Amino acid sequence: MTLLDDSTPETTTRELTVLGACPQDCPDTCAMVVTVRDGVAVDVAGSKEQPYTNGGLCVKVDNYLDKVYHPDRVLYPLRRTGPKGAGEFERITWDEAIAEIAARFTQVKEEHGPEAIMPVSYLGTQGIINGLNVGDPFFNRLGATVAERTYCDSGSCTAYAMTIGDTAGVDPESLVHSRFILIWAANIMSTNLHLWPYIAEAKKRGAKVVVVDPVRTKTARQASQHIPIRPGTDGALALAMMHVIIDEGLTDDEYIANHTIGYDELVERVQQYTPEWASQETGIQVETIRTLAREYATSQPSVIRIGVAVERHAGGGQTVRTLSCLPALVGAWRNPGGGILQLPLWAFPVNWPAFMHPELQTPGTQVVNQYLLGQALTGELELRTPLHALMVYNSNPVVVAPDQARLLEGLSREDLFTVVSEHFITDTARYADIVLPATTQLEQEDIMFSWGHLYATYNNPSIEPRGEAVPNTELFRRLAAAMGFDDDPIFTRTDEQMIAEAFDWSAPAMEGITVASLKEKGWARLNVPSPDEYAPHREGNFRTPSGKTEFLSSAAAGGNFVVPLFRQGSNDHQPGQPVDPLPHYIPPRETTSADPDLAARYPLNLISPKSHAFINSSYANIEFHQKVQKPATLIINPDDAAERGIENGAVVRAFNDRGSVELLAKVDASTMPGVTVCYVGHWRSDSLGLATLSSLNPTRFADLGNAPTFSDTLIEVAPVGAGEA
Ligand SMILES: Nc1nc2c(c(=O)[nH]1)N[C@H]1C(S)=C(S)[C@@H](COP(=O)(O)OP(=O)(O)OC[C@H]3O[C@@H](n4cnc5c(=O)[nH]c(N)nc54)[C@H](O)[C@@H]3O)O[C@H]1N2
Ligand SMILES: Nc1nc2c(c(=O)[nH]1)N[C@H]1C(S)=C(S)[C@@H](COP(=O)(O)OP(=O)(O)OC[C@H]3O[C@@H](n4cnc5c(=O)[nH]c(N)nc54)[C@H](O)[C@@H]3O)O[C@H]1N2
Ligand code: SF4
Ligand SMILES: [Mo]
């Protein structure tokens with residue numbers, strides 16, 4: 001614990017200031033300062049010293065204490081006493097809980113083989129030791145089904161890696177130097193708040209800021225220009241931009257000659273992608289497309305900030321391929337503030353193997369994508385070994401996975417043994433046989449990378465664990481011991497030992513940074529050039545096989561792949577058919593052109609971006625956050641509402657062949673005609689009709705990286721009572 005201030009010796013009150021880190025799955029990874037009085041946390045604030053956090057947290061985490069001390073926290077292990085889904089439990093001891101889990105896992109393993117057990121986890125916390133990979137060594141050694149976790153940015157990462165490699169790209173702090181900022185499918189004001197001051201500064205210095213988004217979001221309203229686009233057609237716009245840039249000779253020929261491959265093939269390919277064609281696909285005026293291309297090319301340095309939402313449709317991968325090609329075409333990489341900003345996570349030398357331990361995995365083990373969990377549990381998805389036990393931690397699949405009705409059917413199976421480690425009885429925990437209490441970030445130690453900036457952050461624990469809550473690391477130590485895995489030191493490592501292994505400390509990026517210095521100061525900028533000088537690809541040096549931007553991708557010959565981070569480091573990926581090595585357009589599956597019958601029955605697109613006050617489904621049960629976010633709504637354009645007789649505030653039913661959801665209509669021109677919006681995160685248990693929007697989402701993958709297709713969803717909407725049939 002870091003004691004910065006032990007200020008009141010003459011009274012009995014003991015006040016400490018502890019340096020922490022926000023644990024949430026958010027690009028900003030804020031450095032937090034926690035004030036503790038007599039062992040009780042009394043304030044959580046943003047660090048004033050850390051430049052990116054700059055003294056402020058966001059609406060989601062500023063009231064973190066509401067979560068830590070919430071009366072509904074799960075504080076003790078629980079065993080189910082009622083029917084699955086009823087949320088009826090009795091308190092048991094940790095010894096009983098661990099013994100029961102070990103016995104059931106052993107029984108399932110003996111009867112059906114270890115693959116009948118599957119972990120389900122994501123990013124409830126993104127700390128390196130308690131986050132994404134915390135259970136991987138345990139389940140690898142057990143021989144459990146490998147969980148493929150491609151909820152977020154997997155398709156984007158495959159596409160980006162195919163094109164420019166696993167590079168950090170542009171430093172977000174360099175954006176002050178950008179002359180043209182293209183924010184593509186990212187709602188910065190809600191999802192990446194701390195980036196905005198850099199964009200605002202650039203704008204003040206004369207940069208143009210353009211937002212491409214079907215919705216006139218708060219971010220779009222603050223920009224210089226908002227370009228509404230039909231969901232899933234972004235690839236058409238990006239390809240038409242290339243067409244104009246090449247056609248009008250706006251390319252940086254020297255940069256192309258020295259630092260790219262496949263330019264001649266690209267020129268030929270983009271001939272067909274005219275602005276006139278793209279206008280039909282995207283709904284954007286031809287002149288708007290031309291002007292965008294010209295301004296993007298000629299206002300250097302220009303930067304594209306891509307949001308995760310750009311991957312969530314059938315052609316999401318190729319869209320990110322095209323966007324990753326654009327900066328090289330115009331030489332944007334030459335100067336700080338030019339290029340593309342996706343996931344600067346790649347700048348961190350995280351020692352992933354120490355957390356995944358892929359060598360413990362049996363080659364050829366069954367792999368199931370969590371996106372298909374409902375199908376996997378109900379037999380819809382054919383499995384070599386059907387599933388009989390689940391262990392869920394750091395995730396709430398009932399809200400975040402698609403095909404909700406089928407998932408609930410699967411979780412209700414009496415022959416399925418489900419363990420959930422949680423802070424609260426979430427919609428998923430209601431289906432658990434055993435619930436285990438998890439600590440919050442104030443009660444655990446961790447060390448953080450960031451996927452939005454170039455600072456490592458340390459989380460010192462500030463209070464004792466509440467009740468009998470334990471960090472995920474301790475949970476897996478206990479389980480490993482019960483299963484007899486403690487013959488291997490991997491499974492007895494302390495948190496301190498894991499933190500010591502978190503990074504490759506000898507990597508150049510970590511020069512001058514140690515565990516001790518991080519713990520003491522709370523954060524450190526990686527050892528990379530200052531934002532005023534950071535131009536990592538001025539001289540090419542892309543992290544592709546050729547070292548160049550690969551318009552013609554050499555990796556494409558190997559077929560579609562999932563970046564190991566999203567698949568427990570599995571080394572036996574099956575690539576399948578080669579991918580077309582040049583950028584190309586793949587339209588959404590659910591559109592008039594691709595499926596006219598479906599589009600006739602379900603003419604409205606549904607997108608489900610992030611809610612402002614929740615982080616995924618986290619905080620959606622907390623009163624303050626509920627007050628800010630309000631109940632789940634369906635935003636619908638006034639024209640579409642009028643056509644259906646829908647009034648503002650009315651209860652409506654949104655439906656398609658996959659499901660039906662009741663929501664409050666918000667009739668608002670912020671969304672373009674033909675597009676409806678329902679922010680993700682509200683819990684099913686708080687929803688009208690006990691269903692959330694995930695009931696409507698498809699289970700098909702995008703073209704690359706097995707990415708989800710949440711934005712590739714058509715629905716119809718009717719006032720409640722009118723019925724759909
Ligand atoms: N407040 C808040 N912040 C969060 C989160 C949260 O839940 N709440 N979640 C965190 C996580 S896990 C992530 S991945 C990030 C994601 O953060 P973002 O990348 O910003 O993702 P979204 O909010 O899903 O979508 C961003 C914007 O894309 C638009 N959009 C949707 N489909 C399309 C499309 O097909 N084309 C285009 N051009 N635009 C489209 C939406 O209208 C939305 O305004 O946010 C992180 N930060
Ligand atoms: N329709 C639709 N669905 C989506 C998306 C979308 O845009 N639209 N976005 C997708 C994206 S980008 C993402 S990243 C995923 C997010 O999916 P998830 O990562 O599953 O996100 P959450 O719903 O926040 O669930 C995290 C859970 O972990 C718990 N938790 C937090 N900290 C800890 C801890 O230390 N230990 C344990 N044991 N538990 C903890 C929290 O209480 C919470 O219930 O959702 C995906 N689903
Ligand atoms: S959720 Fe994001 S913006 Fe909010 S405090 Fe955490 S890291 Fe900062
Ligand atoms: Mo995400």
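**Domain 1 against domain 3**

Across the interface of domain 1 and domain 3 there are 0 salt bridges, a salt bridge being a side-chain nitrogen of Lys or Arg within 4 Å of a carboxyl oxygen of Asp or Glu. This is a predicted model, in which local features need pLDDT of at least 70 and side-chain atom pairs count only at pLDDT 80 or more, while totals for chains, interfaces and linings use all residues. Residues are numbered from 1 along each chain as its sequence is written, and side-chain values use heavy atoms, with hydrogens and water left out.

The domain assignment (bounds from an automatic or database source) places domain 1 at 2-68 and domain 3 at 154-346 + 534-566, and the centres of these two domains, taken over C-alpha atoms, are 37 Å apart. In contact terms (heavy atoms within 4.5 Å), 11 residues of domain 1 meet 10 residues of domain 3. The area buried between them, meaning the accessible area (1.4 Å probe) that two parts lose on being put together, summed over both, is about 720 Å², with 49% of it from carbon and sulfur atoms. On the side of domain 1, Pro27, Asp28 and Tyr52 lose the most area to domain 3, together 64% of what that side buries.

Leaving aside neighbours within four places in sequence, Trp277 is in contact with Ala236, Gln272 and Tyr585. The C-alpha atoms of Trp277 and Ala236 are separated by 8.2 Å, although the two residues are 41 residues apart along the chain.

Terms used: Chains lettered and ligands numbered in written order.
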